[in-house]
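Please walk me through this model, one selection at a time. Tell me what to pick next and what is there.

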Amino acid sequence: MTNMYMKLMMKKYILLFLVAGNLVSAQVSIGKKSLSGSSSILEFSGMTQTFAPEDTETANVKGIMLPAVVVTPVFTSVTPSTNHPQNGTFLFDKQISTVRMFENGNWIDMTDSGNSSAAIPVTGIEIGSGVIIGASSSSAKGALVLEASNKALILPHIKNPHLTVKSPYPGMMCFDTVSRSVAVFDGNKWSYWK
């Protein structure tokens with residue numbers, strides 16, 4: 001083998017390694033061209049920088065839609081299923097019209113009973129195991145799994161969602177830039193978590 005061929009092969013391997021490394025610790029921005037920093041794994045457009053009064057307020061009125069399920073998955077330590085919920089799983093339970101979060105073997109109701117009449121039933125068959133961002137694989141099950149040890153989800157920022165989002169969908173979640181809290185719509189009203 002020639003020295004030139006060896007150098008070319010080495011460059012290809014280095015390039016492949018760099019590309020693979022970037023895919024494993026991927027960061028994603030939606031609705032914007034760049035991320036605000038290195039601490040986010042998933043970030044949306046319309047963010048304010050410091051939340052100071054002089055910041056330009058976002059005109060964003062789009063939030064994250066939590067998955068709406070007919071029945072909350074059941075966790076049993078005796079027969080764990082493939083649908084085993086992971087800590088930090090959020091969903092909108094259409095049967096009880098409540099946003100719920102899974103924590104340490106229990107579902108915690110995060111809102112009062114709302115109204116799920118606007119929730120559109122899913123009639124298709126789930127294919128695949130969901131999308132994973134931040135790792136090449138994960139043991140967690142979900143439609144979207146964010147897997148990172150040093151990055152977090154940054155919710156879409158909306159100013160006064162109870163006033164500005166004209167037709168919120170049950171299970172919508174965002175960050176209210178005015179109250180500086182997480183806002184969740186349960187089908188009837190917005191709940192604010194600090």
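**Whole chain.** Start with everything shown. This is a predicted model. The protein has 2 helices and 14 strands. Of its 194 residues, 31% are buried. Take the contacts between residues at least 6 apart in sequence: 44% of them join residues at least 24 apart.

**Confidence.** Colour by pLDDT. The average is 74, and 68% of the residues score at least 70. Next, select residues 13-24. Here the pLDDT is below 50, and the stretch has 3 contacts in the model beyond near neighbours in sequence.

**Largest nonpolar core.** Select Val99, Leu155, Met173, Val184 and Trp193. These are the residues with the most contacts inside the largest nonpolar core, which has 13 residues. The biggest contribution comes from β2, with 3 residues.

Stay here and centre on Leu155. Which residues is Leu155 in contact with, leaving aside neighbours within four places in sequence? The partners are Phe44, Ile64, Met173, Cys174, Phe175 and Val182.

**Phe185.** Keep Phe185 and show strand β13 (residues 181-185), where Phe185 is found. Is Phe185 buried or exposed? Its relative accessibility is 8%, so Phe185 counts as buried; the cut-off for buried is under 20%.

Now bring up the neighbours of Phe185. Not counting residues up to four places away in sequence, Phe185 touches Val99, Pro168, Tyr169, Pro170, Gly171, Met172 and Trp190.

**Surface patch.** Select Val131, Leu144, Leu146 and Leu153. Together they make a nonpolar surface patch of about 310 Å². Zoom in on Leu146, which lies in strand β9 (residues 144-146). With a relative accessible area of 30%, Leu146 is partly exposed.

Methods:
Residues are numbered from 1 along each chain as its sequence is written. This is a predicted model: local features need pLDDT of at least 70, side-chain atom pairs count only at pLDDT 80 or more; totals for chains, interfaces and linings use all residues. Side-chain values use heavy atoms; hydrogens and water are left out. pLDDT is the predictor's confidence in each residue, from 0 to 100. Contact means heavy atoms within 4.5 Å. A nonpolar core is a set of buried Ala, Val, Leu, Ile, Met, Phe, Trp, Tyr and Cys residues joined through side-chain atoms within 4.5 Å. Buried means under 20% relative accessible area, exposed over 50%, partly exposed in between (1.4 Å probe, protein chains only). Helices (H or I, at least four residues) and strands (E, at least two) are DSSP runs, numbered from the N terminus. Patches are made of residues with over 30% relative accessible area and no salt bridge: like charges are joined within 9 Å, nonpolar side chains (Val, Leu, Ile, Met, Phe, Trp, Tyr) within 5 Å. Accessible areas come from the Shrake-Rupley method with a 1.4 Å probe; for residues, only the protein chains shown count as cover. A salt bridge is a side-chain nitrogen of Lys or Arg within 4 Å of a carboxyl oxygen of Asp or Glu.
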